[in-house]
Amino acid sequence: MRTRNVYLIFLGIFSFIALGLFYVQVIKGNYYSRLSYSNYIRVFPEEGIRGRIFDKDNRLIADNQVSFDCYVNLRQADEKVMSFLSLHLGISRAEIRKNIKRNLKTRDLPVLVYKGLTKEKAFLIKEHALNNSAVIVKLNHSRFYPYAESTSHVTGYLSQISKSLITKLKDYGYSTQDVIGYGGVEQAIDKFLRSESGGSQIQVDARGRQIALLGFKAAKDGLDVKLTLDIKMQVAAFNALKKYKGSIVILEPDTGKVLTMVSSPGFDANILTQGKDIQKISQILTDKNARLLNRAISASYPPASTFKLVVGTCALDNNKISLEETFNCTGSLKIGNRNFNCAGVHGVQNLEDAIANSCNVFFYNLGLRVGARAIIEAAHRFRFGERTGIDLPYEVSGFLPSLLSNKLLFKKWYPGDTANISIGQGELLVSPLQAARMVSIFANNGKLVKPYIIEEILGMDKTSPNVTKLDFGNAAILTVRSAMRRAVTDPTGTARVLNMKNLSVAGKTGTAQVGSKRSHGWIVGFAPYDKPKIAFCVFLENVGSSYWATQVAHQMLVSFLKEGLL
Amino acid sequence: MKKSLSIVFIPVIICLIGIFSIYTNTYLNNGFDSRSLSLIEKISSFFGTLVGKQVIWLLVSLSAYWLVSLIYYRRLYDAAYFLYGFLLILLIFVFVLGIVRLGAQRWLKMGFLNFQPSEFAKLCIVLVMARYFDYRKLGNVQLFELDFVNGFILPFIIVIIPCFLIAKQPDLGSAIIVFLVFISIIYAKDFPMKWFLLFAGLFLLVFPFVWSLLEEYQRQRLLVFVNPNIDPLGAGYTVIQSKIAVGSGGLFGKGWLSGTQSQLHFLPEAHTDFIFATWAEERGFFGSTILILFYALLIKSIVDVAVRSRDSFAKLICIGIASMFGFQIGINILMTIGLSPVVGLPLPFMSYGGSSLLISFISLGIVSNIKSNL
């Protein structure tokens, strides 16, 4: 009999078992430990609400709207559920799968498949999903910008954090699939606006019933923020501007508060934030006119004749010219072997006339007398060529030529270059915000302000205006200031469009030549003349002449008056 | 008396391990606070729990063991065919009851006790086969040789009838064990290898037929064994969860009452068929190795009796009982780590359940008597 063999057979079987156990428990032990951990621990995230954005009078610029979002429980989602979703959400199965793939964190939690259901649809789905726990309709808060295009450049928009950003921001508590502000205030103070998500860690049994609460962290809402913007001005300005490409910036002259900042063509931040209408989004992103570009701070242009204010102030301050002294304008001036033109034949002009009529010949002469070095030095004092330091992202510094760096680059500075810079042409580049700040100096009689747009992060410190005295003689500033008024009131003044019955405006136009394209149009100014409440800059890209800018400014000021904003 | 104790010592230890594991799986369930109860109430409520019932079954089984160990085993020679007839009656009764009640029937209600005839069948087939192959039947002819019909076909038919009835209950696991016991007895009885091959060929021929006889869920389980992930929430769920339980125990285990898989009921049948996973989760690789060592020692001590006995009938009984335990242990543990299909089989001495425990100790009683008559 094979009695002993029987024992050997079982010894073999038992050794095989021991080997199997060694493999499962020792070699793969960690793997199964993790699986058992994920079996009984569930994390239920809880989202806070993002801080809202108000204008200076507490009107909502960025709100949080209740949004019905559809989630699906992947563990229970079968073909029937998928076709149910496809039918009721009105999107194809492929699209549903794409959304699931994009939003998937873990298979244990419901995955977002559709954002922003209509109320009717939300109830319909919820009703049908009553006996199907695979489909969940959840109430979320979604960002809404009631003024859409008028405010979008200032507010920015929200979107899921990009891969390149996440590597940078990982250490600051951001994680993948976080929603983050792009551009404008949303980006500038994202860390204050963003909510801190919390959640509870729960021990569950096999049926998913809660056994114990292992940990809880309350979600923290973001901080509300108050801007310096006057939304009524903002909307009126945008309405005046929206036919053109360009931007309008309005500052409160004494403080540097940004009352208005619009850029055209605009875009609707709601479309980008919702992220649903792919066609419209790509239209915004690929527009030839660079819709996302905030032309007020992120682009710079030759300031043209508006720069004459700087040259004039500089000449007066350096005592290079008296108020009585005149130059005769014959329509052009020959410097070297080149003719430098004027917009007209102005005849005998003193400084005030030349500013009012924007006479180039006068300023060619004046510039040559004062010298490039002094002009550039004055432009430095007006803070051209450097960022204003406004609390918005993507500000550019513009460009101010420097004699020193020109020398280092072996570029010669010719008298013609001096003539050019005297009328704000050449290499000089200025952003509309810089131009607005420049004109606010004349509005407030010689004080330099630092523009800011965030008035207060509620629950934190208030921003206080940063005002410094500019070391120009008061007389020089006041002279140029009154000349600006004459540009409006003189029958020949370039800004005479703005000569309004019930508002005293002062201004300076500029027509910037840009190679082969049509000229840009500028108007900088302030109003009311005696006690300025606003300092404004209207800039239009490639419109041909400053006339159109004065038209836009006029339309804007008229609607300001109509709404009692001034 | 001392000799008989050595056989029963290890099984009792395994039983205690089993009772601790049953406690682990069930203690969360009795939600009441037992501190406020009087002693009598405490005792009575204890015996109402699964642990209490298992303790009672252990005591009953030990008494049965003691009684059986006093009966001269040769008496079983005479009783074997009578017991076989009794078994067939029981199985047919269960079978008919199953048809009448339109559902699975594994238990016979006998007063307050439920009895599983399929457990009895395992021991019964051991006895019947031991008698059938006892060569002394033909008057001590030492060189007696059975031909293929007498040595295989006939006993095969004897075994396959109860096997079929048990598989139809449906209790595939027990049917397989009964059949494997038959195989090991004919193997021990020097069954020629060429017959084995012939038999294997035959099995392959009839396999499609057997497959069609299986219940849908049994087929599903066998398919899931090949790949548990085809149905992770259905038939594959048990295997996946028990693998997680065993694996997450790691080297030293999660500790007493700390097995999350069993405590939170991720592991189905954690106190019956999958009780090994409970133990392995709490005690880790060390605990499970020790348990397997115990089982190995138990089987060795039974086979030792077979080796030392000079009575062919006694030898075959011991081999049959050893393989009855051995195959159940082997298949049960292998299925908890996904190396064998899930067929409903208790782990001897560990799993909750009276029938299995009682039959196991009665079997040990027989071995004990053989040992005392060496």
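What share of the contacts in chain B with a separation of 6 or more comes from residues 24 or more positions apart? The share is 74%. Two residues are in contact if their C-beta atoms, placed from the backbone, lie within 7 Å.

This is a predicted model: local features need pLDDT of at least 70, side-chain atom pairs count only at pLDDT 80 or more, and totals for chains, interfaces and linings use all residues. Residues are numbered from 1 along each chain as its sequence is written, and chains are lettered from A and ligands numbered from 1 in the order in which they are written.

**View 1. Chain B has 14 helices and two strands.** Helices (H or I, at least four residues) and strands (E, at least two) are DSSP runs, numbered from the N terminus. Chain B contains 374 residues, and 46% of them are buried. A residue is buried if 20 or more other C-beta atoms lie within 10 Å of its own, exposed if 12 or fewer, and partly exposed in between; C-beta atoms are placed from the backbone.

View 2. Helix α6 (residues 148-167) of chain B bends by about 25° at B:I160. Within four residues comes a proline, B:P162. The buried residues of α6(B) include B:P155, B:V159 and B:P162.
Helix α8 (residues 193-213) of chain B bends by about 50° at B:V206, and the proline B:P208 follows within four residues. At 1.5 Å a residue, α8(B) should span 30 Å, and its end C-alpha atoms are 28 Å apart, which agrees. The expected span is 1.5 Å times one less than the number of residues in the helix.

**View 3. Three strands of chain A form an open sheet in the order β1-β8-β9.** The pairing is antiparallel. Strands of a sheet pair through backbone hydrogen bonds, either parallel or antiparallel. Here, two strands pair if DSSP finds at least two bridges between them. β1 (41-46) and β9 of chain A stand at the edges, each with a single partner strand, so one side of each has no neighbour in the sheet. The twist averages 25° from one strand to the next. Six bridges link β1(A) with β8(A); in β8(A), A:G198 is the bridge partner of A:E46. Six bridges also link β8 (residues 198-204) of chain A with β9(A), where A:Q201 has A:G215 as its partner. None of the eight residues of β9 (residues 210-217) of chain A is buried.

**View 4. Five strands of chain A form an open sheet in the order β12-β11-β22-β21-β20.** The pairing is antiparallel. The edge strands are β12 (258-264) and β20 (506-514) of chain A, each pairing on one side only. Seven of the seven residues of β12(A) are buried, so this strand is largely enclosed by the rest of the structure. β11(A) and β12(A) form a hairpin with six residues between them. A:G256 in its turn has a positive phi of about 85°. Within the pair, A:V249 has A:M261 as its bridge partner in β12(A). On the β22 side, β11 (residues 246-251) and β22 (residues 534-540) of chain A are joined by six bridges; A:I248 stands opposite A:V538.

View 5. Most residues other than glycine have a negative phi, and most peptide bonds are trans. A:P265 lies in the loop between β12 and α11 (269-274) of chain A. A:P528 sits in the loop between β21 and β22 of chain A. A:N542 counts as partly exposed, with 14 C-beta neighbours inside 10 Å.

**View 6. B:F349 has a positive phi of about 70° although it is not a glycine.** Where is B:F349 found? It is in the loop between α13 (312-336) and α14 (354-372) of chain B. B:F349 is buried, with 26 other C-beta atoms within 10 Å.

Note on methods. The bend at a residue is the angle between axes fitted to the seven residues ending there and the seven starting there. Axes are lines fitted to C-alpha atoms, for helices over the stretch in contact, and angles run from 0 to 180 degrees between N-to-C directions.
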